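Student: I have a protein model open and would like to go through it by question and answer. Please show it first.

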Amino acid sequence: MKPTYDFSWMCCLVVDDNQSVSEYLAAMLVEEIGVRQAYVAHSANDALALLDQNPQIHVVLCDLYMDQVDGLEMIRLLKERQFRGYFGIISSMAAKVIHSAEQLAKIHQINLLGSIPKPISQSSVEELLSRVGGKPKDKPHSRPETPLKIYELIRGIEKHQFEVFYQPQVDIISRRVIGVEALTRLKHPRHGLIYPHRFIPAMEKTSLISDLTLFVLDHAMRDWQHWANDGVSLQVSVNISPVELNNLDFPEYVLQRLKQFSMPAEQLTLEVTESAIEADASHTLEILNRLSMHGIQLSIDDFGTGHSSIERLRKYPFDELKIDKDFMANAQRSQSERTLVESSVGLAKRLGLKVVFEGIESADLYQMSDHLGGDIIQGFYISRALRADDLLGWIDNWRASNR
Ligand code: C2E
Ligand code: MG
Ligand code: MG
């Protein structure tokens, strides 16, 4: 059978202590499905050693039930080593057990693809791998996903290699473009465009993240001013890191910049990930309140990836809730997850929060979001993040085809 997707860029690792199962799956991956390489490990220790030696491994497919270290422990070990690839479960166990493994992966923020039932079929493996995303040409990049080194990041700042892209956000009902989210990429002299998962976590470990935040804020406000001068008024969202939630000088900096660019505070949204809010409560509360007092909009990003409840986030002055793309994708696959999203939306609305759905990448997801009662959508189905120069042209086209 010919695969619908082109997986020739993908490197997989199969972890199963049953040799015949793992060899069978590895052969299927390479010979039938066409992945570039499939490594085999019969124990978690072997798997970790292979991951060390082969940072290009994108996907780990792991048996849940193994003799020594089982799949659950493997999930924890991957979390400890900050594995940034994708994880799939192979199992003949009951749905309940698989579901709790899935919950564990979610808590550990492992990119879980789902599970393949045993006996393994080619179509179930292909379906699972297709969740990684489109064909290689649609992928951000297909080279090793290793984090950048600190010196590369310092050089990136010094040599102005960072560039801010903007992903449009659209009102679900009117289909009007109401805003954009600023998303940063690094233009590497040899490797081309590099996406944030390879530099943000490393930058967050040093003060470099503050340099980046200030750079992005400046760019976003300057671009906002250009668009406003062209008669296009847009809400601009900027992601800020946990470091800013601990820096009491940050609000003053933002206010000064807004003044410099004559940007109304209400047109700037600062996004804070759900997990960052747990960091340092007293400073965070003061900083967020000060920003909010001046009219800056505050958004909870990636909601659904952590374990906070909306009630717990209530003490902070948030205006918006962004439902994470994985949460949305899961809602499409499972009724129970869908109910969770529905109740989060309902509660957010009752608390007066605007709701943004992230990761709307297909017509099906678009339709689902239409029924879930949110306000704004963002995702590849509308548009990928665009260069600042391309945005107004894109908006013109969008308006023309959505009249
Ligand atoms: P985020 O803030 O949740 O941004 C949304 C991410 O989802 C973006 O990834 C975007 O390209 C991606 N995305 C949008 N629509 C879709 C879709 O339909 N399907 C899929 N699969 N993905 C979609 P990106 O640009 O790679 O950024 C990843 C994360 O990096 C961001 O997640 C944000 O947390 C962080 N980030 C990006 N730029 C900055 C920055 O300047 N500063 C900070 N502190 N973090 C940043
Ligand atoms: Mg964001
Ligand atoms: Mg998000």
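Student: In which loop is Gly359 found?
Tutor: This is a predicted model, in which local features need pLDDT of at least 70, side-chain atom pairs count only at pLDDT 80 or more, and totals for chains, interfaces and linings use all residues. Residues are numbered from 1 along each chain as its sequence is written, and chains are lettered from A and ligands numbered from 1 in the order in which they are written. Helices (H or I, at least four residues) and strands (E, at least two) are DSSP runs, numbered from the N terminus. Gly359 is in the loop between strand E13 (354-357) and helix H14 (363-372).

Student: Is Gly359 buried or exposed?
Tutor: A residue is buried if 20 or more other C-beta atoms lie within 10 Å of its own, exposed if 12 or fewer, and partly exposed in between, with C-beta atoms placed from the backbone. Gly359 has 20 C-beta neighbours inside 10 Å, so Gly359 counts as buried.

Student: Which residues is Gly359 in contact with, leaving aside its neighbours within four places in sequence?
Tutor: Two residues are in contact if their C-beta atoms, placed from the backbone, lie within 7 Å. With the neighbours within four places in sequence left aside, the contacts of Gly359 are Lys325, Met328, Ala329 and Gly379.

Student: How does Gln82 compare: buried or exposed?
Tutor: Gln82 sits in the loop between helix H3 (71-80) and strand E4 (86-91). Gln82 is not a glycine, although its phi is positive, about 55°. Because Gln82 has 9 C-beta neighbours inside 10 Å, Gln82 counts as exposed.

Student: And what is the phi of Ser262?
Tutor: Ser262 belongs to the loop between helix H9 (250-260) and strand E10 (268-273). With 10 C-beta neighbours inside 10 Å, Ser262 counts as exposed. Ser262 is not a glycine, yet its phi is positive, at about 50°.

Student: Which peptide bond is cis?
Tutor: Pro119 lies in the loop between strand E5 (111-117) and helix H5 (122-130). With omega near -5°, the cis bond is the one from Lys118 to Pro119.

Student: Which residue is the bridge partner of Leu13 in E2?
Tutor: Two strands pair if DSSP finds at least two bridges between them. Strand E1 (residues 11-15) and strand E2 (residues 37-41) pair in the parallel sense over five bridges. Within E2, the partner of Leu13 is Tyr39.

Student: Which residues have the most contacts inside the largest nonpolar core?
Tutor: A nonpolar core is a set of buried Ala, Val, Leu, Ile, Met, Phe, Trp, Tyr and Cys residues joined through C-beta atoms within 7 Å. The largest has 50 residues, and the ones with the most contacts inside it are Ala220, Val236, Leu270, Val272 and Ile323.

Student: What distance separates the centres of domain 1 and domain 2?
Tutor: The protein is divided into domain 1 (11-130) and domain 2 (150-401), with bounds from an automatic or database domain assignment. Taken over C-alpha atoms, the distance between the two centres is 32 Å.
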